[in-house]
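Work through the following exercises with the sequence and the model open beside you. Each task is followed by a solution that goes step by step.

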Amino acid sequence: MLHDPNRIFVFDTTLRDGEQVPGSQLTTPEKIIIGEALEALGVDVIEAGFPISSPGDFTSVVELSKAVREPIICALTRANKGDIDCAAEALKYAKHPRIHTGIGSSDMHIKYKFNSTREAILERAADAVKYAKQFVEDIEFYAEDAGRADNVYLAQMIEAVIAAGATVVNIPDTNGYCLPEQYGAKIRFLKENVKNIDKAVISVHCHNDLGLATANSIAGLQNGARQVECTINGIGERAGNTSLEEVVMILKTHQLNLHTNVNSKHLSKLSHMVSRMMRMPVQPNKAIVGKNAFAHSSGIHQDGVLKHRENYEIINPEDVGIDSSEIILTARSGRHALKHHLERLGYDNERIDLDQVYQNFLAMADVKKEIKDDDLLELMGVETENNFKNGIKINMLQVSCGDQSAPEAIVKLNYNGSDHEGSATGNGPVSATIKAIETILGHSYEIKEFNIHSIHGGSDDVSKVDMRVMHNDQSYMGYGFSTDIVRASANAYLDALNKFV
């Protein structure tokens with residue numbers, strides 16, 4: 001299995017350990033969808049289930065073995081013949097099958113779980129590996145609760161199971177007990193004291209009970225382990241398992257001379273898929289895949305990111321499948337962040353009274369807490385003329401409609417430093433208003449798009465109008481807001497005109 005000494009094999013147990021979370025069980029078709037996504041991600045091993053545990057798990061291992069062809073398909077067992085027989089049967093269609101068998105290695109488990117002795121457990125461990133070896137060549141052995149096991153005894157157990165035929169030896173910190181330096185030292189002890197350790201791959205499988213799963217896994221890899229067992233989003237028993245995306249991006253970010261075959265650009269999409277299908281929301285501040293992982297709301301951070309992304313980001317969002325960082329506008333945001341969003345929405349900041357807009361923005365942000373695009377457009381569109389240097393300002397709009405005559409609009413504008421009045425008729429009140437504005441300006445502008453949206457709902461509904469206005473091969477989007485659709489349309493039209501140089 002091992003060729004490149006710096007290659008880290010990624011063993012994903014989302015569909016086994018991850019699925020043990022209450023309320024997160026998957027159907028076989030759902031497991032296949034996730035399994036195929038894991039294959040596309042580039043994981044090396046997929047632990048498909050625990051076949052003896054239920055007919056559903058057995059079927060899932062069978063069907064995943066048929067559907068997924070590149071990764072190793074692994075089935076979990078305990079150290080007994082019935083479990084191993086069942087796993088072997090479930091794996092019969094797998095192109096690359098692996099049986100994952102094992103037993104407790106700590107004195108706690110030996111005494112209180114198995115009511116046995118070290119010698120008897122050692123014999124059971126070796127016997128299980130020998131028996132499984134009859135069915136498949138690739139055997140992984142887990143020494144459960146290795147995190148709390150005596151290192152000398154653990155080394156004896158690992159040596160015995162490798163001699164019996166184990167190709168991978170899993171050293172689980174089953175209860176998330178170890179500190180990184182303890183766990184790293186345990187892996188190093190095995191590397192230095194198990195005489196046949198070169199005949200197997202050491203695997204790390206860490207739980208997050210103390211929030212150290214990822215740190216412990218990295219410590220294990222730095223000390224000689226070459227397989228890491230993990231789950232998407234870090235889901236799993238109790239506080240969860242090592243997070244796949246965290247390990248992959250740590251190895252990609254730091255110069256540890258270690259690498260995986262994972263295509264990290266699939267991480268964000270797969271994280272959302274697993275979260276949705278397993279009904280396990282990802283906490284917003286989750287590393288790598290949380291919705292706030294690349295979001296900046298502090299004015300100091302926003303300014304730094306906009307000047308040079310790496311001031312506050314050590315990972316390029318595109319590397320994990322996210323288009324870009326997110327600059328969140330709040331009352332703590334500065335002028336640089338506001339300017340960035342206005343430019344993104346098509347406003348020429350050289351022609352905007354940014355100081356005045358910023359003061360209005362802060363007043364809105366104090367009330368609304370987080371400012372979205374519609375809020376910015378409303379800020380610019382309700383009184384758009386006040387936000388532009390030398391902008392066109394609407395002072396009065398009067399529209400008359402009826403069954404007996406065409407709609408007529410009278411408009412008063414402040415334009416080029418003086419007041420002007422114009423009127424026009426049209427085939428509707430908005431058409432009449434636009435024509436009245438054009439009689440004052442002396443230019444005709446082509447409206448390429450025109451859309452009306454409801455903002456709040458209810459009897460006092462505020463409407464947003466957006467329109468694309470074209471003139472001399474240039475076009476700009478304009479936005480207007482009002483409880484009166486005609487006034488919103490006029491605001492949107494002037495918002496677009498004020499963007500023309």
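## Exercise 1: Salt bridges

By the rule that a side-chain nitrogen of Lys or Arg lies within 4 Å of a carboxyl oxygen of Asp or Glu, the count comes to 25 salt bridges. The model is predicted, so that local features need pLDDT of at least 70 and side-chain atom pairs count only at pLDDT 80 or more, whereas totals for chains, interfaces and linings use all residues. Residues are numbered from 1 along each chain as its sequence is written, and side-chain values use heavy atoms, with hydrogens and water left out.

**Task.** Determine where in the chain the partners Asp 44 and Arg 7 lie, and whether each is buried or exposed.

**Solution.** Begin with the distance: the closest N and O atoms of Asp 44 and Arg 7 are 2.1 Å apart, and the two residues form a salt bridge. Asp 44 is in the loop between α1 (28-41) and β2 (45-49), while Arg 7 is in the segment before β1 (9-12), so the pair links distant parts of the chain, 37 residues apart. Finally, apply the accessibility classes, in which buried means under 20% relative accessible area, exposed over 50%, and partly exposed in between (1.4 Å probe, protein chains only). Asp 44 counts as buried because its relative accessibility is 14%, and Arg 7 is buried because its relative accessible area is 13%.

**Task.** Carry out the accessibility step for the salt bridges Glu 421 to Lys 412 and Arg 468 to Glu 449.

**Solution.** The side chains of Glu 421 and Lys 412 meet at 4.0 Å, N to O. Glu 421 is exposed, because its relative accessible area is 53%, and Lys 412 is partly exposed, because its value is 36%. For Arg 468 and Glu 449, the closest N and O atoms are 3.3 Å apart. This pair links distant parts of the chain, with Arg 468 in strand β15 (residues 463-471) and Glu 449 in strand β14 (residues 446-454), 19 residues apart. Arg 468 is partly exposed at 27% relative accessible area, and Glu 449 is partly exposed at 35%.

## Exercise 2: The nonpolar cores

**Task.** State which residues have the most contacts inside the largest nonpolar core, and which helix gives the most to this core.

**Solution.** A nonpolar core is a set of buried Ala, Val, Leu, Ile, Met, Phe, Trp, Tyr and Cys residues joined through side-chain atoms within 4.5 Å. The largest has 88 residues, and Ile 158 and Leu 221 have the most contacts inside it. Helix α6 (residues 151-164) gives the most to this core, with eight residues. Another core lies apart from it and has 25 residues, among them Leu 413, Leu 494, Leu 497 and Phe 500.

**Task.** Find how many residues of helix α9 are buried, and what covers them.

**Solution.** Helix α9 (residues 244-253) is mostly covered, with seven of its 10 residues buried. These are Leu 244, Glu 245, Glu 246, Val 247, Val 248, Met 249 and Leu 251. What covers them includes β1, α1, α8 (213-222), β8 (227-230) and α10 (267-277).

## Exercise 3: A helix crossing

**Task.** Classify the arrangement of α12 and α13.

**Solution.** Axes are lines fitted to C-alpha atoms, for helices over the stretch in contact, and angles run from 0 to 180 degrees between N-to-C directions. The axes of α12 (residues 335-344) and α13 (residues 354-368) come within 11 Å and cross at roughly 100°. Angles under 35 degrees count as roughly parallel, over 145 as roughly antiparallel, 65 to 115 as roughly perpendicular and the rest as oblique, and therefore α12 is roughly perpendicular to α13. The residues that make the contact include Leu 338 and Leu 342 of α12, together with Val 357 and Phe 361 of α13.

Technical notes:
Helix = DSSP H or I, 4+ residues; strand = E, 2+ residues; numbered from the N terminus. Contact = heavy atoms within 4.5 Å.
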